[in-house]
Amino acid sequence: GQITLKGGGLEIEKRNNVIIKGLRIRGAKSGKDGIQIVGSHSVVIDHVSVHGSGDGNIDITNDSHDITVQWSILAEPSGSGKNMLLSRRPLRVSLHHNLLIRAFQRNPKVKMDDAQTPAPDTQLDMRNNIVWDWGEGFGTLVTEGGSANVVNNFYHNSDFSKALRVSVTSRAYTSGNVPEELNKAGK
(Lines give C-alpha, C1' and ligand atoms only; values in the text may rest on other atoms or scores of the structure.)
Protein backbone atom coordinates (compact mmCIF):
# COMPACT_ATOMS: atom_id res chain seq x y z
CA GLY A 1 0.00 0.00 0.00
CA GLN A 2 0.85 3.65 -0.17
CA ILE A 3 1.47 6.21 2.56
CA THR A 4 -0.83 9.25 2.61
CA LEU A 5 0.09 12.62 4.15
CA LYS A 6 -3.00 14.73 4.93
CA GLY A 7 -2.99 18.41 5.81
CA GLY A 8 0.77 18.79 5.42
CA GLY A 9 3.42 18.53 2.80
CA LEU A 10 6.93 17.23 2.36
CA GLU A 11 10.00 19.47 2.29
CA ILE A 12 13.29 18.27 0.85
CA GLU A 13 15.79 20.99 1.77
CA LYS A 14 19.52 20.70 1.16
CA ARG A 15 19.24 16.93 0.75
CA ASN A 16 20.81 14.87 -1.99
CA ASN A 17 20.30 11.39 -3.44
CA VAL A 18 16.64 11.12 -2.40
CA ILE A 19 13.93 8.85 -3.87
CA ILE A 20 10.26 9.43 -3.01
CA LYS A 21 8.03 6.65 -4.37
CA GLY A 22 4.40 5.67 -3.89
CA LEU A 23 3.42 8.65 -1.71
CA ARG A 24 0.06 10.44 -1.69
CA ILE A 25 -0.20 14.01 -0.41
CA ARG A 26 -3.65 15.47 0.18
CA GLY A 27 -4.66 18.99 1.19
CA ALA A 28 -1.38 20.60 2.28
CA LYS A 29 -2.39 23.59 4.40
CA SER A 30 -2.92 27.10 3.07
CA GLY A 31 0.34 28.63 1.87
CA LYS A 32 2.14 25.25 1.89
CA ASP A 33 3.45 23.22 -1.01
CA GLY A 34 2.63 19.54 -1.40
CA ILE A 35 6.31 18.83 -2.11
CA GLN A 36 8.97 21.51 -1.88
CA ILE A 37 12.49 20.79 -3.14
CA VAL A 38 14.95 23.50 -2.04
CA GLY A 39 18.69 23.58 -2.68
CA SER A 40 18.84 19.83 -3.30
CA HIS A 41 20.11 17.59 -6.07
CA SER A 42 19.71 14.04 -7.37
CA VAL A 43 16.06 13.70 -6.29
CA VAL A 44 13.53 11.33 -7.91
CA ILE A 45 9.77 11.69 -7.36
CA ASP A 46 8.16 8.52 -8.76
CA HIS A 47 4.54 7.32 -8.76
CA VAL A 48 3.47 10.11 -6.39
CA SER A 49 0.04 11.75 -6.23
CA VAL A 50 -0.32 15.34 -4.97
CA HIS A 51 -3.78 16.90 -4.70
CA GLY A 52 -5.27 20.06 -3.21
CA SER A 53 -2.14 21.82 -1.93
CA GLY A 54 -2.58 25.30 -0.45
CA ASP A 55 0.24 26.75 -2.55
CA GLY A 56 1.94 24.69 -5.28
CA ASN A 57 1.61 20.94 -5.62
CA ILE A 58 5.38 20.68 -6.32
CA ASP A 59 7.92 23.54 -6.22
CA ILE A 60 11.58 23.08 -7.18
CA THR A 61 13.71 26.10 -6.22
CA ASN A 62 16.98 27.61 -5.00
CA ASP A 63 19.69 25.98 -7.14
CA SER A 64 18.11 22.52 -7.03
CA HIS A 65 19.35 20.39 -9.90
CA ASP A 66 19.15 16.92 -11.41
CA ILE A 67 15.55 16.36 -10.29
CA THR A 68 13.14 13.88 -11.91
CA VAL A 69 9.35 13.83 -11.48
CA GLN A 70 7.92 10.79 -13.28
CA TRP A 71 4.74 8.74 -13.54
CA SER A 72 2.97 11.04 -11.06
CA ILE A 73 -0.30 12.95 -10.74
CA LEU A 74 -0.45 16.64 -9.78
CA ALA A 75 -4.08 17.67 -9.52
CA GLU A 76 -6.48 20.39 -8.44
CA PRO A 77 -4.36 22.59 -6.18
CA SER A 78 -6.45 24.76 -3.89
CA GLY A 79 -5.81 28.42 -3.12
CA SER A 80 -4.42 30.14 -6.22
CA GLY A 81 -4.40 26.93 -8.30
CA LYS A 82 -0.65 26.41 -8.80
CA ASN A 83 0.58 23.02 -9.95
CA MET A 84 4.37 23.21 -10.34
CA LEU A 85 7.00 25.98 -10.14
CA LEU A 86 10.66 25.85 -11.14
CA SER A 87 12.27 29.06 -9.91
CA ARG A 88 15.48 30.61 -8.51
CA ARG A 89 18.06 28.82 -10.66
CA PRO A 90 16.90 25.20 -10.90
CA LEU A 91 18.69 23.15 -13.57
CA ARG A 92 18.17 19.82 -15.31
CA VAL A 93 14.68 18.95 -14.11
CA SER A 94 13.05 16.05 -15.97
CA LEU A 95 9.26 15.91 -16.02
CA HIS A 96 7.95 12.86 -17.88
CA HIS A 97 4.86 10.64 -18.02
CA ASN A 98 2.88 12.76 -15.56
CA LEU A 99 -0.68 14.07 -15.38
CA LEU A 100 -1.05 17.79 -14.55
CA ILE A 101 -4.77 18.19 -13.99
CA ARG A 102 -7.10 21.16 -13.38
CA ALA A 103 -4.58 23.73 -12.19
CA PHE A 104 -5.24 27.36 -13.08
CA GLN A 105 -1.50 28.05 -13.52
CA ARG A 106 2.01 26.58 -13.42
CA ASN A 107 1.66 23.47 -15.50
CA PRO A 108 4.60 24.05 -14.94
CA LYS A 109 5.99 27.60 -14.75
CA VAL A 110 9.73 27.75 -15.50
CA LYS A 111 11.79 30.82 -14.63
CA MET A 112 15.43 31.49 -13.85
CA ASP A 113 15.18 34.45 -11.46
CA ASP A 114 13.49 37.81 -11.00
CA ALA A 115 16.38 39.56 -12.80
CA GLN A 116 15.56 37.46 -15.92
CA THR A 117 19.12 36.11 -16.10
CA PRO A 118 19.36 33.69 -19.05
CA ALA A 119 19.57 30.08 -17.86
CA PRO A 120 23.08 28.63 -18.36
CA ASP A 121 21.71 25.13 -19.05
CA THR A 122 18.36 23.50 -19.75
CA GLN A 123 16.14 23.95 -16.74
CA LEU A 124 13.31 21.65 -17.76
CA ASP A 125 13.02 18.67 -20.07
CA MET A 126 9.26 18.03 -20.27
CA ARG A 127 8.25 14.98 -22.32
CA ASN A 128 5.21 12.73 -22.67
CA ASN A 129 2.99 14.46 -20.10
CA ILE A 130 -0.70 15.30 -20.17
CA VAL A 131 -1.69 18.85 -19.19
CA TRP A 132 -5.46 18.82 -18.71
CA ASP A 133 -8.02 21.59 -18.14
CA TRP A 134 -6.32 24.74 -16.85
CA GLY A 135 -9.60 26.62 -17.35
CA GLU A 136 -9.14 30.38 -17.83
CA GLY A 137 -5.52 30.23 -16.61
CA PHE A 138 -2.27 29.03 -18.17
CA GLY A 139 -0.76 25.75 -19.26
CA THR A 140 3.05 25.66 -19.48
CA LEU A 141 4.87 28.99 -19.10
CA VAL A 142 8.59 29.53 -19.76
CA THR A 143 9.52 33.03 -18.60
CA GLU A 144 12.07 35.29 -16.87
CA GLY A 145 15.19 33.76 -18.42
CA GLY A 146 13.82 30.22 -18.37
CA SER A 147 14.93 27.41 -20.66
CA ALA A 148 12.99 24.25 -21.55
CA ASN A 149 12.47 21.39 -23.95
CA VAL A 150 8.73 20.78 -24.34
CA VAL A 151 8.32 17.61 -26.41
CA ASN A 152 5.49 15.13 -27.12
CA ASN A 153 3.05 16.47 -24.52
CA PHE A 154 -0.72 16.41 -24.84
CA TYR A 155 -2.61 19.60 -23.90
CA HIS A 156 -6.38 19.69 -23.49
CA ASN A 157 -8.54 22.68 -22.57
CA SER A 158 -11.50 24.56 -24.04
CA ASP A 159 -9.15 27.46 -24.92
CA PHE A 160 -5.67 26.63 -26.25
CA SER A 161 -4.49 30.23 -26.56
CA LYS A 162 -2.66 29.98 -23.22
CA ALA A 163 -1.49 26.37 -23.45
CA LEU A 164 2.22 27.02 -23.97
CA ARG A 165 3.84 30.45 -23.62
CA VAL A 166 7.50 31.36 -24.01
CA SER A 167 8.44 34.94 -23.10
CA VAL A 168 10.92 36.98 -25.16
CA THR A 169 13.54 36.67 -22.39
CA SER A 170 13.36 32.87 -22.44
CA ARG A 171 13.88 29.98 -24.82
CA ALA A 172 12.24 26.64 -25.49
CA TYR A 173 12.55 23.84 -27.97
CA THR A 174 9.09 22.52 -28.85
CA SER A 175 8.20 19.46 -30.94
CA GLY A 176 5.54 16.78 -31.19
CA ASN A 177 3.07 18.45 -28.83
CA VAL A 178 -0.67 18.11 -29.35
CA PRO A 179 -2.35 20.23 -30.55
CA GLU A 180 0.19 20.80 -33.33
CA GLU A 181 0.01 24.63 -33.11
CA LEU A 182 1.89 24.51 -29.80
CA ASN A 183 5.08 23.42 -31.52
CA LYS A 184 5.59 26.97 -32.84
CA ALA A 185 5.59 28.56 -29.35
CA GLY A 186 9.30 28.34 -28.63
CA LYS A 187 10.75 28.84 -32.10
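Visitor: How many salt bridges does the count come to?
Guide: This is a predicted model, and salt bridges are counted in it by distance, with a side-chain nitrogen of Lys or Arg within 4 Å of a carboxyl oxygen of Asp or Glu. One of the pairs is Asp55 with Lys82. By this rule the count comes to 11.

Visitor: Which parts of the chain does the pair of Asp55 and Lys82 link, and how many residues apart are they?
Guide: The side chains of Asp55 and Lys82 meet in a salt bridge, 3.3 Å from N to O. Asp55 is in the loop between strand E7 (49-51) and strand E8 (56-61), and Lys82 is in strand E11; the pair links distant parts of the chain, 27 residues apart.

Visitor: Is Lys82 buried or exposed?
Guide: Buried means under 20% relative accessible area. The salt-bridge partner of Lys82, Asp55, has 19% and is buried. Lys82 has a relative accessible area of 16%, so Lys82 is buried.

Visitor: Which residues are linked with Glu144 in a network of salt bridges?
Guide: The side chains of Glu144 and Lys111 meet in a salt bridge at 3.3 Å, N to O. Glu144 lies in the loop between strand E17 (140-143) and strand E18 (147-151) and Lys111 in strand E14, so this pair ties together parts that are 33 residues apart in sequence. Both Glu144 and Lys111 are buried. The residues linked with Glu144 in the network are Lys109, Lys111 and Asp114.

Visitor: How far away from Asp33 is the nearest side chain of opposite charge?
Guide: Asp33 lies in the loop between strand E4 (23-26) and strand E5 (35-38). Asp33 is buried yet has no salt bridge, a bridge requiring nitrogen and oxygen within 4 Å. The nearest side chain of opposite charge is that of Arg106, at 6.4 Å.

Visitor: Which backbone nitrogen does the side chain of Asp33 reach?
Guide: The side chain of Asp33 makes a polar contact with the side chain of Gln36 at 3.4 Å. Beyond four places in sequence, Asp33 touches residues including Ser53, Asp55 and Asn57. At 2.9 Å, the side chain of Asp33 reaches the backbone nitrogen of Gly56.

Visitor: Is Pro90 buried or exposed?
Guide: Pro90 is found in the loop between strand E11 (82-87) and strand E12 (91-96). The C-alpha atoms of Pro90 and Asn62 are separated by 6.4 Å, although the two residues are 28 apart along the chain. Leaving aside neighbours within four places in sequence, the contacts of Pro90 are Ile60, Asp63, Ser64, Lys111 and Gln123. At 0% relative accessibility, Pro90 counts as buried.

Visitor: How many residues has the largest nonpolar core?
Guide: Ile35, Ile45, Ile60 and Tyr155 have the most contacts inside this core. Ile60 is in contact with residues beyond four places in sequence, among them Ile37, Ile67, Val69 and Met84. The number of residues in the largest nonpolar core is 33.

Visitor: Which residue in E9 stands opposite Asp46?
Guide: Strand E3 (residues 16-21) and strand E6 (residues 41-46) pair in the parallel sense over 5 bridges, and Ile20 stands opposite Ile45 in E6. E6 also pairs in the parallel sense with strand E9 (residues 65-70), over 5 bridges. In that pairing, opposite Asp46 stands Gln70.

Methods
Residues numbered from 1 in each chain as written. Predicted model: local features only at pLDDT ≥ 70, side-chain atom pairs only at ≥ 80, totals over all residues. Heavy atoms only, no water. Pairing = 2+ DSSP bridges. Helix = DSSP H or I, 4+ residues; strand = E, 2+ residues; numbered from the N terminus. Core = buried A, V, L, I, M, F, W, Y, C linked by side-chain atoms within 4.5 Å. Buried < 20%, exposed > 50% of the residue type's maximum accessible area, 1.4 Å probe, protein only. Contact = heavy atoms within 4.5 Å. Lys, Arg positive; Asp, Glu negative; His and termini not counted. Polar contact = N/O pair within 3.5 Å; in protein donor to acceptor, adjacent residues only side chain to side chain.
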